[in-house]
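This report describes a two-chain model, first chain by chain and then through selected packing details.

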Amino acid sequence: MALLIEQSLNGIQLGFMLFLLAAGLTLIFGIMGVINLAQGSLFMVGAYAAAVVATQTGSYVLAAIAGLAAAAIIGMAMEYLVIRRLYARDHLDQVLATFGLILFFNQMTVILFGRQPLFVRIPPLLDGSVHIVAGVYYPLYRLVIIGVGLLTALGLYILISRTRIGMLIRAGATNREMVRALGVDIRLLYTIVFGLGAMLAGLAGIMTGPISAVQVGMGEQVLILTFVVIVIGGVGSIRGAFVGALIVGIVDTLLRAFLPTLLRHMMASGSEADALAGGISAMGVYLLMAIVLLVRPKGLLPANG
Amino acid sequence: MNFVKSVAAAVVASCLAVPAMAQAPVKIGFITTLSGPGGYLGADARDAFQLAIDLGGGKLGGTPVQLVVEDDALKPGQGKEITERFMKNEKIKLFTGIIFSNVLAAVAPEVIDNDGVYVSLNAAPSNFAGKECNPNYFVVSWQNDTLHESAGQNATNLGFKKAFVLAPNYQAGKDAIAGFKRFFKGEIAGEIYTRLDQTDFAPEMAQIRAANPDVVFQFHPGGVGIAFARQYQQAGLLGTIPMVVAAPSLDSVILKAVGDAAQGVYVSSHWNADFDNASNKQFVAEFQKKYNRLPTAYAAQGYDAALAIGAALKGTGGKIDDLKAFRTAMLKADFASVRGAFKFGNNQHPVQDWYALRVEKGADGQLALVTKSKVLTNRSDFYAKDCKL
């Protein structure tokens, strides 16, 4: 039972991490219609900026600010220089251009920081474990990730549905030309939205840093899973990204955690069961995506109805 | 008349060609993983290989060589495509460099089926060591299983009874677990196949804690290894359940990442920076001088591969057209390996000694891998008996 609780928490934590990445990606796609493969690069930018500042100054607050700022600024520069030219193009052109950006960012990082990974320690304040229920201790840092994810989800909800800028964003998504005709600087609005999406990716990067290592190519590892989240949740929908991320996080974790034991009870050979379980759990979320697409081709909570 | 003409032309051509041939360096195709979290492994192997060439004044075994490096990005398809291009366009016949077994499985057949030579400086999956061994395929590093057999033997020697084992779900991961189990005499408390691109190991940590083993054996090379080791530490397991690993799961980069908590981890390896032989001392000193960092085992293997190729080129007078002669020269292994004793077995994989190392704090307060004792002597590999060469 303790194990089940701990593994569920692990799943939820992975889900929130995925949500941060997916929210940015789906925001950009849903509102601007751009597929941004370089979202993983912005994740990396956030992680690197935070890692460098944390090592130089020793302050985690400064590191977090630097990470967010770097991701947002580079994101907006990227929109201004590259993405802006792609709005009218089809998705293939967008994929090609943003794939090019991935190569650019990875190579640039190698030139600036080398191939050796950077390391950030967990802030001393957040180090350690918390006693949740009988026999379950959970790392505080991972609980903080869940908390930050929840706050971000709440913040995004308020921003999109309760504020003036959110209203403009929604209006711009529905009818770009009409919003422009009403005198709104839609180009600036798009740059801001892109910066916001980039900042969310940066936030995910900052928080991943202390858990794994900050290294070149770290964004691409999570990008595929992020796309799965978006497809399951419904492309362009923040609510969809939230639900999709939690489902993917939990399903992925629980499959990895419990399938081997389950199969070992059912099969004669332990090693074969383990190998099979490894294979099935690796496929798990993709199978889930295929099933969701069969039943609801637009995802669980699509953006428009 | 025509006949005389063409003979004359051929003679002239060959006279012209011979000095030109002596000038042109032998090209070595170096396909390796340089991008992504595993990128530092390939970079270390490449830098050490280049170091050996530089120390020889641009030559290996007296033959001028030119290293042509490309990044496989840990993608078997990309590795294969580079190989085809190297063989067709650049006319390269001699290949090395690959770090990951899944890339090797795509590249090596392409090379050896087209009369090229592949000399592995790292990856050596089981399927090329036994029945499928090939006269044009050499391994200077180890056979995958053997690496982890040494960890298994080490765990047995240390008296552990109940082990939890984890490795990524690909050929080298399966070889790792097979190798460990072959030499570990205790019971296996649990076995998990992770993913080669996994970044979060929280579920695995919970499984380990629930199984409560004496010891954990894991194989996670490069970037995944860093993530694994750090999360093992963050989950509070590093202090409570000892870890036994083979060299790739705890190289000097991972050691730096984990820091003080890595103290006491049991490692087994065929090479360590503190080995006391002239060749190794020169290698470690020159590597640090040139690149300003500690070499990993990947670097040592890259250096040895360069020396081995150099010895073979010396034996053939710098030619690789005659594969038989090249092979004979190669198999003599007439070079001073940085790991001390080294020879090739019947399947053209190494026969070498394995050592137990431990992470300890040195006099300077820095953590380092310290060689403790010998674990296996003159170990060939499990599959050599199936090879009919």
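Among contacts in chain A between residues at least 6 apart in sequence, what percentage join residues at least 24 apart? The share is 75%, where two residues are in contact if their C-beta atoms, placed from the backbone, lie within 7 Å. The model is predicted: local features need pLDDT of at least 70, side-chain atom pairs count only at pLDDT 80 or more, and totals for chains, interfaces and linings use all residues. Residues are numbered from 1 along each chain as its sequence is written, while chains are lettered from A and ligands numbered from 1 in the order in which they are written.

**The two chains**

Chain A contains eleven helices and two strands; helices (H or I, at least four residues) and strands (E, at least two) are DSSP runs, numbered from the N terminus. Its elements follow the order α-α-α-α-β-β-α-α-α-α-α-α-α from the N terminus. For 305 residues a compact globule would have a radius of gyration near 19 Å, and the 20 Å of chain A agrees with this. That radius is taken over C-alpha atoms, and the globule rule is 2.2 Å times the number of residues to the power 0.38.

Chain B has twelve helices and 14 strands. Its radius of gyration, 22 Å, is close to the 21 Å that the globule rule gives for 389 residues, so chain B is as compact as a globular protein of that length. In chain B, residues 24 or more positions apart account for 72% of the contacts with a separation of 6 or more.

A residue is buried if 20 or more other C-beta atoms lie within 10 Å of its own, exposed if 12 or fewer, and partly exposed in between, with C-beta atoms placed from the backbone.

| Chain | C-alpha span | Buried residues |
|---|---|---|
| Chain A | about 70 × 50 × 35 Å | 50% of 305 residues |
| Chain B | about 90 × 40 × 35 Å | 55% of 389 residues |

**The interface**

Contacts between the chains involve 34 residues of chain A and 29 residues of chain B. On the chain A side, α1 (2–32), α9 (218–233), α10 (238–266) and α11 (270–295) each supply at least two residues. The largest share, seven residues, comes from α11(A). By class, this side of chain A has 15 nonpolar, 15 polar and four charged residues. Here Ala, Val, Leu, Ile, Met, Phe, Trp, Tyr, Cys and Pro count as nonpolar, Asp, Glu, Lys and Arg as charged, and the others, Gly among them, as polar.

**A sheet and its helix in chain B**

In chain B, six strands form an open sheet of mixed pairing in the order β2-β3-β1-β4-β5-β6; two strands pair if DSSP finds at least two bridges between them. Its edge strands, β2 (59–60) and β6 (137–139) of chain B, each pair on one side only. Helix α4 (residues 101–113) of chain B packs on this sheet, touching β1, β4, β5 (117–120) and β6 of chain B. The direction of α4(B) makes about 145 degrees with that of β5(B); axes are lines fitted to C-alpha atoms, for helices over the stretch in contact, and angles run from 0 to 180 degrees between N-to-C directions. Within the sheet, β1 (residues 26–32) and β4 (residues 94–96) of chain B run parallel and are joined by three bridges. Ile28(B) has Leu94(B) as its bridge partner in β4(B).

**A helix pair in chain B**

The axes of α5 (residues 144–157) and α6 (residues 171–183) of chain B come within 7 Å and cross at roughly 35 degrees. The contact of α5(B) with α6(B) comprises seven nonpolar, seven polar and five charged residues.
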